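Here is a short briefing on a protein model. Look it over first, then read on by topic.

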Amino acid sequence: MEYIRKLTKDDKEQVLSICDSIWDGEDYIPAIFDEWITASNSYFVGLFEDNKLLGFGRLASHGNGNFWLEGLRKNHSLKIKGVGKKIADYLIKIAIEKECKSLKFSTYFNNVESISLNEKIGFSKIKQWSYLEIQKEDFEISLPNFRDEDFQHVEFEDFSNFIISSRFLAEMSNYLCEGWKVFDATMEYLKSLYENSTTFAIIRDNNIESMISTVIDNEKNIFITFFDYKSKLQSQKLLKKVFVHAIQLDTKAVSIIVPNNTRVDFMHTQGFESWEQSDDFLLFEYRGKDDFK
């Protein structure tokens, strides 16, 4: 008999077993399993047959009626169809009950199975960006040197005003990313980002000229959530500061998601690369129910 319930710490072994076969054993779920089962405003559930875990997924609240679908996985060793759809339908129903205004998820461009499933149940692609990454061994140490006094602390009002008026946010259609999660740049989110990110800013005459904000992603690496700059020299100083920060934290990589324009070309010149191609990050939004209109 099949049933869906919230996952607990006792389910970790079965979850990890499923993850072992995903992305050559490099799935991020094992690193954040403990966090997900204790998180508030989160529904981390599994589909079981008797006591056998068939698959799992998570629905998380981003506040203001915005929900995020992630971590949808199935046990590929079992030849059972419809696992992902059953879990997604269950989580969508919860979102509707919670008066969801928006439900989104992201995926890699070649994740054909996930894209096909989610388009069938009502998701539509709304954005396509580029996920770029640089490994620790490729950090560009020849970038311009900086002095610690080049970077100054910023207050929240200046931080939020700079982001809201930035080219970067406009080009990202008012979204900001933390790894594979995408957030609407509401004031509530910006407050959370300010409190939980590491930010470096270059200020002249009491005005921010260039700024970069980073968070720790699901793989425990550094992710650049926001990056806007006045000049190439200032951008390179900010990047080198982030690379030094990454080395201090002993992280393996630094990543960023950017719109597909000259920013992609610039990040390539700084050593950032796509895994396979540009335009590889896809953002989907649920358009299947009148409740979401």
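How far is the sulfur of Cys 100 from the closest cysteine sulfur? The distance is 18 Å, to Cys 177, and that is too far for a bond. The model is predicted, so local features need pLDDT of at least 70, side-chain atom pairs count only at pLDDT 80 or more, and totals for chains, interfaces and linings use all residues. Residues are numbered from 1 along each chain as its sequence is written, and side-chain values use heavy atoms, without hydrogens and water.

**Cysteines**
- A search of the whole structure finds zero disulfides (a disulfide is a pair of cysteine sulfur atoms within 2.5 Å).
- Cys 177 is in no disulfide, and its nearest cysteine sulfur is that of Cys 100, 18 Å away.
- Cys 100 counts as buried, at 4% relative accessibility.
- Cys 177 also counts as buried, at 2%.
- Buried means under 20% relative accessible area, exposed over 50%, and partly exposed in between (1.4 Å probe, protein chains only).

**Overall fold**
- The protein chain holds nine helices and 13 strands (DSSP runs, numbered from the N terminus: H or I of at least four residues for helices, E of at least two for strands).
- Along the principal axes, the C-alpha atoms fill a box of roughly 65 × 40 × 30 Å.
- Of the 293 residues, 51% count as buried.
- Take contacts between residues at least 6 apart in sequence: 71% join residues at least 24 apart (contact means heavy atoms within 4.5 Å).

**Surface and charge**
- The accessible surface comes to about 14600 Å², and carbon and sulfur atoms account for 46% of it (Shrake-Rupley method, 1.4 Å probe).
- The chain has 36 positive and 47 negative charges, and their mean positions are 4 Å apart.
- Lys and Arg count as positive, Asp and Glu as negative; His and the chain ends are not counted.
- Each charge is placed at NZ of Lys, CZ of Arg, CG of Asp or CD of Glu.

**Positive phi in loops**
- Most residues other than glycine have a negative phi.
- Asn 41 has a positive phi, near 50 degrees.
- Asn 41 sits in the loop between helix 2 (29-38) and strand 2 (42-49), and is exposed at 55%.
- Asp 250 has a positive phi of about 60 degrees.
- Asp 250 lies in the loop between helix 8 (232-249) and strand 12 (253-258), and is exposed at 57%.
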